[in-house]
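Welcome! Please take a moment to look over the sequence and the 3D view, and then we can walk through some of the details together.

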Amino acid sequence: MIHESPRKGTLPAHGRLLPLGGRVPLGRPRGGRLAAVAVIAAAMLSACSGSGSGSGQQAFAQPVPMQQNISASEGQLNLIVWAGYAEKGASDKTVDWVTPFMKSTGCKVTAKVADTSDSMVALMKTGQYDGVSASGDASLRLIYGGTVEPVNTGLLSNYRDIADYLKNQPYNSVKKQMYGVPHGYGANMLMYRTDKFQQRPTSWSVVWDKSSPAADHVADYDSPIHLADAALYLKTHRPDLGITDVYELSQKQFDAAVALFKQQRPNVIKYWANYLDEIQSFKSGDSYAGTAWQVTANVANGEKVPVATTIPAEGATGWSDTWMISAQAQHPNCMYKWMNWITTPKVQSQVAQWFGEAPANPKACRYTAKGFCSGYHVGDADFYRRLAFWKTPVADCGDSRGATCVDYSRWAQAWTKIKG
């Protein structure tokens, strides 16, 4: 679901992903809007823009208007997407949910694939795109920056079918106001070579401990948001730090996470951006263990690489993607039509199986392969709650500590230093 690096990199040419195996535990007036947005953007908080210092300012959502009805299509729709989210037969002629949408609505889709969440934020700020499939580490920056507008869920015909536990979350809403429609989600899992581990690892210590069998052979996700994984590990192993939310870290907690990464640095053989690069590292035998997405394991298994995935006892971070509409959208009706289309059960099943993720609409399971939904824990709220979903770190801790937490810009600075 993505940041620093493409969680959704270019999909393999051979097309569909393998099924999971048993080893996984698992219209509105728009006059004057541009000027209003410009004024709002000028007041954007640095703590949420990715360039602030976390000086204690409190984040707030910008007063951007919300669409009240859907009118005739404008004939065009410009999207920023993760690879695999807007397929029209280019990778596999049998994989196409964009062409039927264009025929049905008259909205011609132009989709630009973005490699990172940071790229998505930058591209959306240009005002040239109508919508984006944002991950949680980008969505708050887009909301607080006034780059996206609130979504009128009453205009979304499939919204009632979206799993309730994906709604009104910290990464897609502010004060119960949704800023998008949930799309799909998944876990950042521990992937390991089964020929190097005789038993399934039960702890993330295999990537953190110097004495681990994976020492000198660890694959790490190349992203500032990955610091949350260290915080998650410390939450269990350093209870004295008092970590409650891995994205809302005090300076002391943040420093401990950074120190853990610096300690681990000599053991990392691969920092991966495109997941295909991680697959190659595991395939060559350079990497024994590391953070991965299920799609990574699916493709690797298809290439006969002996890997499996698991969620260790400490839990895992995760990603949940949200379709968001630009505050400067030139084709808002087509964007709403797209959000309605992409959340239909059949299209949800197509996207989920092509990429390898849990669909937000559980009714998609009517159309998926046998075992797919159980393998991805679709509709399993308890499984969902085990995951710490990406969200943009901001200065406002969200509790009695006030605006004293370390914001995203400092996460990015620290990550650069860690990698050297």
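## Aromatic pairs

How many aromatic pairs does a search of the whole structure find? In this predicted model, the search turns up 24 of them. Let us begin with Y85 and F355: their ring centres are 6.2 Å apart and their planes meet at 85 degrees, so this pair is edge-to-face. The two partners come from distant parts of the chain, 270 residues apart, with Y85 in the loop between β1 (76-81) and α3 (98-105) and F355 in helix α12. Both Y85 and F355 are buried.

F355 also has an edge-to-face pairing with W319, at 6.1 Å centre to centre and with 75 degrees between the planes. This pair links distant parts of the chain too: W319 belongs to strand β12 (residues 316-325), 36 residues away from F355 in helix α12. Like F355, W319 is buried.

Now step back to the wider group. Ring pairs join Y85, F101, W319, W323, W338, W341 and F355 into a cluster.

## The helix that carries F355

Is helix α12 mostly covered or mostly open? Helix α12, spanning residues 345-355, is mostly covered, with eight of its eleven residues buried. Among them are P345, V347, W354 and F355.

## Charges over rings

K167 lies over the face of Y159, 4.3 Å from the ring centre. The charged end of K419 sits over the ring of Y271, at 5.7 Å from its centre.

Notes:
Residues numbered from 1 in each chain as written. Predicted model: local features only at pLDDT ≥ 70, side-chain atom pairs only at ≥ 80, totals over all residues. Heavy atoms only, no water. Buried < 20%, exposed > 50% of the residue type's maximum accessible area, 1.4 Å probe, protein only. Helix = DSSP H or I, 4+ residues; strand = E, 2+ residues; numbered from the N terminus. Phe/Tyr/Trp six-rings, centres within 6.5 Å; stacked < 30°, edge-to-face > 60°. Lys NZ or Arg CZ within 6 Å of the ring centre and 35° of its normal.
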